[in-house]
Amino acid sequence: MAIIETSGLSRRFKDVIAVDDLTMAVESGEVLGFLGPNGAGKTTTIRMLAGIIRPTGGEAVVAGHRIDRDVEKLHEVIGMLTETPGLYGRLSARRNLEYFAGFYPIDDVSTRVEKYLKLMGLWERRDDRAGTFSKGMKQRLALARALMHEPKVLFLDEPTSGLDPEAASEVRQLIRRMQEEGCTVFLSTHNLAEAEMLCNRIAVIQTRLLALDTAESLRRRFFRRKVIVELQSPDPNILAVVKGLPFVQEARKEGSRLSVELMDSERNRPELVRAIVEAGGKVVTVSEEQYTLEQVYLRLMNEEKISDAQAHS
Amino acid sequence: MTLRRIRNILRKEWGLLFTDPNSALLVTLLPFAVVGQFILYFWLAFRFGSEGMLGSSIFQTALEKLLQTIPEAAALPASEQLLVLLLNQFQFILLLIPVMIGIGIAAFSIVDEKLTGSLEALLATPVRTWELLLGKTLTGAIPAVLMTWISAGFFLLVISLLGWGNLSGLVLTPSWFLSLFLLTPAVAILSFMLGVIGSSRAKDSKGAQNIALIVVFPILALIGIQVTGIIWFTTLRTLVLALVIIAVDIIALRAAVHLFRRESIAIQWR
């Protein structure tokens, strides 16, 4: 069941279109990676979905609430982590959380604050001023603030930006835990490896939505699967044999490696290996070429640039 | 829920206010500085300038108005009548205290949150704009009013130490009490509300302070109007003035809610 649904969602700032005709659905319990270059409209989309700014076109429903009409109710069921932690440095970690908890219908604020400070590993530092915390601790405290009212949807705007690897890893573990607890996470990030690691699906935006699918499907959409056969020694005859096989779409030799595109990677792979062995090739390893999400993303962006250039010419 | 949220804002803001030495000093010391300074001026005027002032037609007109309002003062020597006239200005001088504290505190209230990035997180909570603005206003207005009342006590203490205790009965008029207990809270709320409006509209605290400064001028005008005898603030006039300011407070809150643009704050301040 979709917990976030947008239809033609758009936002214009004077003459600049920040988000254009965004139509998408996010399933309940899903972690959606929201990728795009700077200025692509990621933060604007999050702000619209969080009811902070109003769309200039289209509509969206988040957890059953229209983002332009039912803002107070919407704010009760969403949590948001902004780009900067935005904590009160002179207040203790506990007071920071108590303050924000005071705006939600929470019966026992102290117990709730204790639960989330413990969850974020900050209980021992509960009475220390937030201003004395490291970046990672501040980010965890800000995450506790976003989660404390146990929202149905959590919007995270670059949650690991500027964190050291250890702190970033801690935040990622927390996001995983949120997902395990059934929270829907809308994650805007520049970190493609992070998106691949955490997200069920990936949305790529460049003002308008360019792609929305699982990382694996995106890879298949942009790159054919290639089988890499590592031979003990290079043999030019084997390439000719491989190229002659009916199920081979393309084959190349790269030193002692053959890079082969098959019609059906799973079914044709044993036949390919047999043909190579029968032709006298000594196979060392057989593997599949791995494409990263970064390669997919760059391909998408490149295609978008070309299509933009064509539209303007 | 609304009361709970406003209490929540007050608790947090006071936590921040009194852990900031500059703000704490402003709230606690400024009122005494204002009272002390004006008493010094009046003492100097009484001691060294009363003859010249009594010869001035402006003060003669003001004294006539004073005697119409407080006929008991007619029994006093001319120099003491002048002193009663000056001391009566304290009902408006005390109004400067909440205004000055307002400029110092309210002007930073939203700007600071914009700059630290906490405002965007706050705007993603269910808090309503008017709850936020009223909470921020009361944060400064409540201590400012309390300090004004303490300052009034300090004023009475100092005038009795200066040997003017016999004149206090001519200063503590019904108009004085109306001013202290009705006009002061109304002016405090207005000045803090303007500070908050300034803070939510301005790009930095200086801009916010400039907007809040607007309130100082009408108060200086009130002192000027009375001390020059143009209008003497009788009990009725003070009551009407207080009611007008209360009405302006309500309008200011509505204006503040209207002028507080969540969108532009979220977009322009990162």
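How many residue pairs are in polar contact across the interface of chain B and chain A? In this predicted model, the count is nine, taking pairs with both residues at pLDDT 80 or more.

## Polar links and salt bridges

Besides the nine residue pairs in polar contact, four salt bridges are found across the interface of chain B and chain A. One salt bridge joins the side chains of Arg5(B) and Glu72(A), with an N to O distance of 3.5 Å.

## The chain B side

Four helices of chain B each supply at least two residues of the side that touches chain A: α1 (2-17), α6 (96-116), α7 (118-123) and α14 (262-268). Of these, α1(B) gives the most, with nine residues. By type, the residues on this side of chain B divide into 12 nonpolar, seven polar and 11 charged.

## Extent of the interface

Chain B brings 30 residues to the contact and chain A brings 31 residues. The area buried between the two chains is about 2900 Å², and carbon and sulfur atoms give 54% of that area. Lys12(B), Pro126(B) and Glu263(B) supply 19% of the area that chain B buries against chain A, more than any other three residues.

## Phe155 of chain B

Phe155(B) is part of helix α8 of chain B, which covers residues 129-161. Phe155(B) counts as buried because its relative accessibility is 0%, and buried means under 20%.

Leaving aside residues up to four places away in sequence, Phe155(B) touches Val35(B), Ile39(B), Leu87(B), Phe90(B), Val171(B) and Trp176(B). Between Phe155(B) and Ala74(B) the separation is 81 residues in sequence and 23 Å in space, C-alpha to C-alpha.

Note on methods: Residues are numbered from 1 along each chain as its sequence is written. Chains are lettered from A and ligands numbered from 1 in the order in which they are written. This is a predicted model: local features need pLDDT of at least 70, side-chain atom pairs count only at pLDDT 80 or more; totals for chains, interfaces and linings use all residues. Side-chain values use heavy atoms; hydrogens and water are left out. Buried means under 20% relative accessible area, exposed over 50%, partly exposed in between (1.4 Å probe, protein chains only). Contact means heavy atoms within 4.5 Å. Buried area is the accessible area (1.4 Å probe) that two parts lose on being put together, summed over both. A polar contact is a pair of N or O atoms within 3.5 Å; within protein, one must be able to donate a hydrogen and the other to accept it, and residues adjacent in sequence count only if both atoms are side-chain atoms. Ala, Val, Leu, Ile, Met, Phe, Trp, Tyr, Cys and Pro count as nonpolar, Asp, Glu, Lys and Arg as charged, and the others, Gly among them, as polar.
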